Amino acid sequence: MSAPRVPSTSPARMRGALAALLLAWTAPALAAEPPSAPILRLEPGTHTAMINRAALVPGGTLVTASDDKTARLWRVADGMPMGVLRPPIGDEDEGALYAVAASSRNIAVGGRTCGSWEAAFCVYLFTADGARMLGKLGNLKAPVTALAFSADGRYLAVGQQGNGGLRVLDLDAKGIAFETGAGDTVSWLDYAADGRLAAVSADGSVQVFEAGGRVLGSARVTKPWSTAFSPNGRLLAVGGAAGVTVLDAGTLGRVAELTGDAGKAGPLSLAAWSPDGATLYGAGGYGDGRAWHVRSWAVPGFAVLGDVPAAIRTITALVPLPERKVAVTSTAPGWAVIDASGRPLAGQVPRTAQFPKGRGDTLRLSADGQAVEFPLDADGGQRVRFDLQRRTLADAGGRGPAVSAPRGARAEAIGTLDRNEGIASADGDGEVTVLGTDFYLRAYKGRFPAWKTVLPAAARAVALTADKAKVVAALGDGTIRWYRRDSGAEVLALFVHAGDRRWIAWTPQGYFDHAPLSETAATGASLIGYHVNRARNREGEFVAVEQLYTGFARRDLVVQSFAGGKGGESGIGQVVTAAALPPKVDGVELCGGGGQGCRAVTRSGPGAAASVMSVADGKAQVQARLLDRGAGIGKARITRNGVVVNTAATTVSDTKAERVERYAVDLEPGDNRIVVSAFDRQGAVEAKAEDRVEVVVRFEPPKTLPAQGRPTLYVLAVGVSEYKLKPFVLDNAAIDARAVTQAISTSKLDTYEKVVAVSLIDGQATRESITAELRTLGDRARPEDAFVLFMAGHGQSVGGRYFFAPVEFGTHSAPPPKGASAAEQQKVVDRMFAEDGLSQETLSDLLARIRAGKGIVLLDTCYSASLRVKDADVTTGTQLNYALGRPILAAAVGQAIDGSESVKHGYFTRFLLEGLQGRADQNGNGRVDVMELASFVMEEVEKAAKDEYDFEQQPTLTGTAIRRFDIATVKGAK
């Protein structure tokens, strides 16, 4: 097997064993507990590190085990994910899975497992469907390198690293069937149908054992790796460095020596038989330099059938299927089912960036490192550019600050490295030289070590920024990471999904920013999360960061951390614990509006087909059972077609363990996808995706609607220029609100029966009147309607929460004292917003009352002229969008700019109005919809601000789903 990613200076994790086998459920007397702190993990939906082994679960499920510390279940027929096995994990390589085996009864996984908290290693045992972990099989001397089940699933053979030897466990008798003494690493195991066991060792030996442990025969093969019995048990194939050796399974005499094609190179270290025994396969590092191939031979006779390309990297497992199909896994990491011609039928390609090792141009940086260019593929053909300041990911060579390759330094050890620690890349600036290795980021001043930082994955490339502030590293897990040059402390990490290019950036404290809304892909908020160990004998929990959105989606703190600030206090460990997990929705009863036709709905889980029910009255009743999982039960979250529905909950029953609630949901015409979720008692963590229930209610209104049945477009525009405190008076806000109201209300929109527009200007825009108008809008709007909310005036993010300043802003607070510092003034202003402002929570509750299925919020609010407000505005937009499920288009600048003396609008509203007048009609159909308007405003504001004032203003659109609706017609269009 490949060498584990653990430096020799780390704990050896091979400290002997206890006397008796422990079949899970109990642990050695001296055992500690796995780490309790949440451990950040990547989650792109596929493996993120090399896949080491694979096994077929009877019934058509493939299970794969990886260095990324997970095993994953896949449906062979179409490649769809079926589940993730998450055994307990720890620091460094604790939890890396090197082996997997499957039977009709169980799935077993092992590797560098248990060694960090027990005086031994172990195998974890799961049910065959992966639904739950049964426990662990402990007291192993060394990491697990090979696993195999007997045909009936009773016996589990366990091969170990180094001198750990072989142990066969009797799962029925809960004891050891037999074990061998010390030897070399056992790399592969396979059972024949009659109970014989074949074992391959790194010392070159191949042995066959009877069920009781007696050695039936042995042979020597040059550098063997794998072995497989033929289905009839008569032959034994051994894959190795020299090719595939076929032995007589009875005598272990040689039957055939099979090698690769003369035009290809690499070992055929994997050998496997087709289920009917008519074909023998070989694979491994064998290929032509462009792809790795599977070679096949006909049985009997072993005539070559041919080679087919099967993977883009070394093949690590080979699982034959009926009809000459075969599943292959690779180090890439990905897997595929191919047919005899090499045509891929199902599988998953790698979703992590595959950085080439040691290439000088892997990373290209701007002077301060905020813009970084890198490849998504090992060949360097798909280069992208991430710009933290602009919050963009685009093809390389786009707009933004110039980037350049690192200066380069000799990639050799200046000091003493750990054994087996290879150097991938180096860079220096004349004062400091930084080495990226398999385990560490190492900095030297001259020949003397300055600092050493442990890496979560092997370095592929490193570079120093020209401003001498940061070190940037591209790692083997597909992440880009920024570190302080003076200390090696990490300040930021980035992960880009190599398939759909979603991205997420996060700080060491756990705060994150993610790819904004795309019409073709979800945001990046689901790409990382936290593994939480629960106990030695229980599977871990995974909490995605999207479950922590309300507290940790903080673009402002991400930028602050990068700039050298504190970046917020860490709160992940207090919010996410094994003892306090968020609730789950265990079941739903769905009824028509009148309470008729009720039906029970169980949890559907992500990707599962939702239950569908049709109603004719436009209403549905949803009754949900919320189960406490330690953190208490807080508010339920109900969404209809992605929009949060603020429907009153009726409590049916309430106990310590569960609460049953009923909700009335108004329906839109057509399909209404309703998702029921829940928060913990503190409102900090939401139930994970698989712990929510999703249903579809189909409302089919009468085909002939009266004229008044057509939708209505509601517009509420709020603009405050004349604040009661003179220092806060603005030039454009009131004018902007009037202009937006007029532009929409006078546009002849035949999509709607009518447009109802209300303006609250200056003295009208009190907190009470804004609240009252939003309540009225909530009462009047129907699910088939649409609405636009425009707000112009002062707005501020305080502690990550948004506040809008009504006209009475600041009148209830003492002003900053004369001579106060900027920090003291900011505290006073923050207090003014908190005391007099219309809060994010209040806005969210009011907007969630609006039943209209379509809507958008336009924010042209500012307070400080500092550009950092742009990042606070992004935080505001993402938080409001999450609370509402509505798209938010924000000006995202500290202070509005007048385009000219003749145009009395800030840039944001100026181009908003030009778009409404027709310039945003991108498809030329004579109408402007909200997506066209948003795209136009974002592009034109940024361009004009840069061209006319050399000023950065980048409006932002945040949202998880935007539903298009017309907002204006083009004058003169037919």
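Contact here means heavy atoms within 4.5 Å. In this predicted model, T771, L774 and R775 of helix α5 meet L843, L846 and L847 of helix α7. By class, this contact has four nonpolar residues, one polar and one charged. Helix α5 spans residues 767–780 and helix α7 residues 840–848; they pack at an angle of about 25°, with their axes 8 Å apart. Angles under 35 degrees count as roughly parallel. Helix α5 is therefore roughly parallel to α7.

The structure holds 13 aromatic pairs. One of them, Y549 with Y882, is stacked, at 4.7 Å centre to centre and 15° between the planes. Y549 lies in helix α1 (residues 549–552) and Y882 in helix α8 (residues 868–884), so the pair ties together parts 333 residues apart in sequence. Both Y549 and Y882 are buried.

The F809 and F833 rings have centres 4.5 Å apart and planes at 40°, so this pair is tilted. F809 lies in the loop between β59 (801–804) and α6 (822–836), and F833 in helix α6, 24 residues apart. F809 is buried, at a relative accessible area of 0%. F833 also counts as buried, at 0% relative accessibility. Ring pairs link F809 and F833 with Y723 and F728 into a cluster.

Helix α2 (residues 555–562) is mostly covered, with seven of its eight residues buried. Among them are R555, D556 and F562. The charged end of K470 sits over the F562 ring, 4.3 Å from its centre. Just after α2, G564 takes a positive phi of about 105°. Elsewhere, the charged end of K452 sits over the ring of Y440, 4.4 Å from its centre.

Terms used
Residues are numbered from 1 along each chain as its sequence is written. This is a predicted model: local features need pLDDT of at least 70, side-chain atom pairs count only at pLDDT 80 or more; totals for chains, interfaces and linings use all residues. Side-chain values use heavy atoms; hydrogens and water are left out. Buried means under 20% relative accessible area, exposed over 50%, partly exposed in between (1.4 Å probe, protein chains only). Helices (H or I, at least four residues) and strands (E, at least two) are DSSP runs, numbered from the N terminus. Axes are lines fitted to C-alpha atoms, for helices over the stretch in contact, and angles run from 0 to 180 degrees between N-to-C directions. Angles under 35 degrees count as roughly parallel, over 145 as roughly antiparallel, 65 to 115 as roughly perpendicular and the rest as oblique. Ala, Val, Leu, Ile, Met, Phe, Trp, Tyr, Cys and Pro count as nonpolar, Asp, Glu, Lys and Arg as charged, and the others, Gly among them, as polar. Rings of Phe, Tyr and Trp (its six-membered ring) pair if their centres lie within 6.5 Å; planes under 30 degrees apart count as stacked, over 60 as edge-to-face and the rest as tilted. A charge sits over a ring if NZ of Lys or CZ of Arg is within 6 Å of the ring centre and within 35 degrees of the ring normal.
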